[in-house]
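Me: I would like to learn how to read helix packing in a model. Can we work through a case?

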Amino acid sequence: REQSLAMRVYMPEAQAEPLLDGEKPKAVSGLPRGGVSRRACGCAVVVVAVTLCVGMLVPRRCCGPSLLGSPIPSVAEVKAAIAGFTECAVVVQTAYGTHDRLTARACEPFVPDLSVLGGNVIDVTGATPQHEILGFGGAFTESSALVWQALPPLLRQRFIDLYFSEEKGIGFTLGRVHINSCDFSVNSYSFDDVEEDYDLTFFDNEVAHDARTMIPLIRQAQLTATRKIRMLASPWSPPAWMKKNGKMDGSDAPLGLRDQCRNVWARYISKWVRAYESLGVPIWALTMQNEPENRAAWEACAWTPEGAAQWVREELGPVLRNDFPELKIFAFDHNKDHVLEWAEASFSDPPTSKYFDGIAFHWYSGDSFEQLRAIRERWPDKMLLPSEATYEKYRWPEGTELKHGSWSNGEGDAHDM
């Protein structure tokens, strides 16, 4: 399984066609962007947009050489190719059926709008602001951390460079991390397993489990990244003693959290944020619950839209605003087909809405782009956060091998964005 993050991505109406070998790009207009596999891990593939550059990074088709072995130009090389061009645009392209892999094409002069002649027009004037793109990134999970730790030292750094270096890779600037264990963990765990510990006296302020596994991976990424990595945290499940079913896996419905644990669970999350911060990993934002509508066989905790909104308004919001005033809170964090219903429950009531900075969503239920557009129009001040996009193996075209990947991964990500 793979996961990727993308903040506030503009979804254009038209879809540009890739250039074939030897074909010049179209003129640029304007003046001088089912089944679930448990306990697995993968690497996210993203779309990268750079000022005056348009390009897509995707795996080679299954019959080609490995992506890790392909020559990926650095950001410095791309900037060098663009340097000096003030009256034209450079197209940086990765395209199916060509040899282009982040290839800088020839400089193309700006010309009058040719939309009347058909074809695609790229407007870079900025006259009509669209969505701000905060960044792209992937998930830091226990399983990915353990696989990374098992690599030889040179490959560990190579991996970090490819994902987080702007000079040697694609420069991720967002990361997602799970609070307590998740379905990308070897076993279930929390940081306070002492039953009825409402004062959290036995909370592990060292978060020792994560300090051995995920923290080293995150810290190495931070040291390599040119820009600050914004970290998003998401809980899959509270400790077992806080839940009605008495275990981290699965959940009662409609609400999985015990009534008497509503406040202690909010304080637990705040202590977890503080513990990560003390280890050099500040948390930028969190979602109140991963997949609140999914009573999964792994770590889960069910919520209704109204129940979640009430808990954030009465417990989680006040606790976090007091302890971490700058920390952002996102609603929902589940499939797009119900995102509008959750936005209405979270944003329509002003006393509740003031605690939410935006809404997070996953792609598994299909497009539902009209719901995202409705949220954007009704609550333009709220951020839209695509927080998870797993490309499960059942989606792979026949004949796809793991070492080569599949072009469809990039096409799926690009379509969703």
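Predicted model: local features only at pLDDT ≥ 70, side-chain atom pairs only at ≥ 80, totals over all residues.

Me: What describes two packed helices?

Reply: The general idea is that the angle between the two axes and the distance between them describe the packing. Here, helix α3 (residues 153-164) and helix α5 (residues 214-224) have axes that come within 9 Å and cross at roughly 60 degrees. That makes α3 oblique to α5. The crossing of this pair is right-handed.

Me: Which residues of α3 and α5 make the contact?

Reply: From α3, Gln 157, Phe 159, Ile 160, Asp 161 and Phe 164 take part; from α5, Leu 217, Gln 220, Ala 221 and Thr 224. Sorted by class, the contact of α3 with α5 has five nonpolar, three polar and one charged residues.

Me: Which residues of α3 are buried, and what do they pack against?

Reply: In general, an α-helix has 3.6 residues a turn, so residues three or four places apart point the same way. In α3, the buried residues are Ile 160, Asp 161, Leu 162, Tyr 163 and Phe 164. They pack against β7 (136-140), α2 (142-149) and α5.

Me: How many residues of α8 are buried?

Reply: Helix α8 (residues 339-347) is mostly covered, with seven of its nine residues buried. Those seven are Val 339, Leu 340, Trp 342, Ala 343, Ala 345, Ser 346 and Phe 347.

Me: Against which elements do the buried residues of α8 pack?

Reply: Their partners are α7 (305-323), β11 (328-335), α9 (350-353), β12 (358-362) and α10 (369-378).

Note on methods. Residues numbered from 1 in each chain as written. Heavy atoms only, no water. Axes fitted to C-alpha atoms, helices over the stretch in contact; angles between N-to-C directions. Helix = DSSP H or I, 4+ residues; strand = E, 2+ residues; numbered from the N terminus. Parallel < 35°, antiparallel > 145°, perpendicular 65-115°, else oblique. Left-handed = near helix turned anticlockwise from the far one by under 90°. Contact = heavy atoms within 4.5 Å. Nonpolar A, V, L, I, M, F, W, Y, C, P; charged D, E, K, R; others polar. Buried < 20%, exposed > 50% of the residue type's maximum accessible area, 1.4 Å probe, protein only.
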